[in-house]
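Q: Could we go through this structure together? I would like to ask about a few residues and then about the helices.

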Amino acid sequence: MEIAFEDSKLEKLIGNRAKAYRKYGAKAVETLYLRLSNIQSAGSVAELFLLPGGFHKLKHDLSGLWACSLTGALRLVMRVEEERVVIISITNYHKGK
């Protein structure tokens, strides 16, 4: 599947390994790159559910989006379209709940 980014700043950050490490930590960034590689290798939306990281649809105020685990409570949030995945954010959406 093709990967796109909703935010060019996030795309630049992810493209710069050193800056990404400083912001998210080495373990999260290595897992992030693995998840992105897995997404690219997926042949269909159905295959995303089979990938490591617990890909799942979100509910409530994040309805319509998907997420997968990076480390701890840190999640990669995305919108899944027919032929591509649009990366929205890297966040802990569980904070404050």
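Q: Which residues does Leu65 touch, not counting those up to four places away in sequence?
A: In this predicted model, Leu65 touches His56, Lys57, Leu58, Val77, Met78, Arg79 and Ile88.

Q: And where is Leu65 found?
A: Leu65 is found in the loop between strand 2 and strand 3.

Q: Is Leu65 buried or exposed?
A: Leu65 is buried, because its relative accessibility is 16% and the cut-off for buried is under 20%.

Q: How far is Leu65 from Asn16?
A: Their C-alpha atoms are separated by 25 Å, and the two residues are 49 apart along the chain.

Q: What about Leu62, where does that lie?
A: Leu62 also lies in the loop between strand 2 and strand 3. Its relative accessible area is 23%, so Leu62 is partly exposed.

Q: What is the phi of His60?
A: Phi of His60 is near 60°, a positive value in a residue other than glycine.

Q: Why point that out?
A: Because most residues other than glycine have a negative phi.

Q: Where is His60 placed, and is it buried or exposed?
A: His60 is in the loop between strand 2 and strand 3. At 72% relative accessibility, His60 counts as exposed.

Q: Changing topic: how many aromatic pairs are there?
A: The count comes to one aromatic pair. Phe49 and Trp66 form this pair, which is tilted, with 4.8 Å from centre to centre and 40° between the planes.

Q: Which parts of the chain does the pair link?
A: The pair links distant parts of the chain. Phe49 is in the loop between helix 4 (45-48) and strand 2 (56-57), while Trp66 is in strand 3 (residues 66-71), 17 residues apart.

Q: What does Gly54 contact, leaving aside its neighbours within four places in sequence?
A: Gly54 is in contact with Ala67 and Cys68. Gly54 lies in the loop between helix 4 and strand 2 and is partly exposed, at a relative accessible area of 44%. Gly54 and Arg79 are 15 Å apart in space, C-alpha to C-alpha, and 25 residues apart in sequence.

Q: On to the helices. How do helix 1 and helix 2 pack?
A: Helix 1 (residues 8-15) and helix 2 pack at an angle of about 105°, and their axes are 5 Å apart. Helix 1 and helix 2 are therefore roughly perpendicular to each other.

Q: Which residues make that contact?
A: Helix 1 contributes Leu10, Leu13, Ile14 and Gly15, and helix 2 contributes Arg17, Lys19, Ala20, Lys23 and Tyr24.

Q: And at what angle do helix 2 and helix 3 cross?
A: The axes of helix 2 (residues 17-24) and helix 3 cross at roughly 125° and come within 7 Å. Helix 2 and helix 3 are therefore oblique to each other, and their crossing is right-handed. The contact involves Arg17, Ala20, Tyr21 and Tyr24 of helix 2, together with Ala26, Ala28, Val29, Glu30 and Tyr33 of helix 3.

Q: What span should helix 3 have?
A: Helix 3 (residues 26-41) has 16 residues and should span 22 Å at 1.5 Å a residue. Its end C-alpha atoms are 23 Å apart, which agrees.

Q: Which residues of helix 3 are buried?
A: Ala28, Val29, Thr31, Leu32, Tyr33, Arg35, Leu36, Asn38 and Ile39 are buried in helix 3.

Q: How accessible is Asn38, and what does it contact?
A: Asn38 has 15% relative accessibility and so counts as buried. Leaving aside its neighbours within four places in sequence, Asn38 is in contact with Leu51 and Pro52.

Q: Last one: where does Glu82 lie, and what does it touch?
A: Glu82 lies in the loop between strand 4 (74-80) and strand 5 (84-91). Not counting residues up to four places away in sequence, Glu82 touches Met1 and Val45. Glu82 counts as exposed, at 70% relative accessibility. The C-alpha atoms of Glu82 and Ala42 are separated by 12 Å, with the two residues 40 apart along the chain.

Notes
Residues are numbered from 1 along each chain as its sequence is written. This is a predicted model: local features need pLDDT of at least 70, side-chain atom pairs count only at pLDDT 80 or more; totals for chains, interfaces and linings use all residues. Side-chain values use heavy atoms; hydrogens and water are left out. Helices (H or I, at least four residues) and strands (E, at least two) are DSSP runs, numbered from the N terminus. The expected span of a helix is 1.5 Å times one less than its number of residues. Buried means under 20% relative accessible area, exposed over 50%, partly exposed in between (1.4 Å probe, protein chains only). Rings of Phe, Tyr and Trp (its six-membered ring) pair if their centres lie within 6.5 Å; planes under 30 degrees apart count as stacked, over 60 as edge-to-face and the rest as tilted. Contact means heavy atoms within 4.5 Å. Axes are lines fitted to C-alpha atoms, for helices over the stretch in contact, and angles run from 0 to 180 degrees between N-to-C directions. Angles under 35 degrees count as roughly parallel, over 145 as roughly antiparallel, 65 to 115 as roughly perpendicular and the rest as oblique. A crossing is left-handed if the near helix is turned anticlockwise from the far one by less than a right angle, and right-handed if clockwise.
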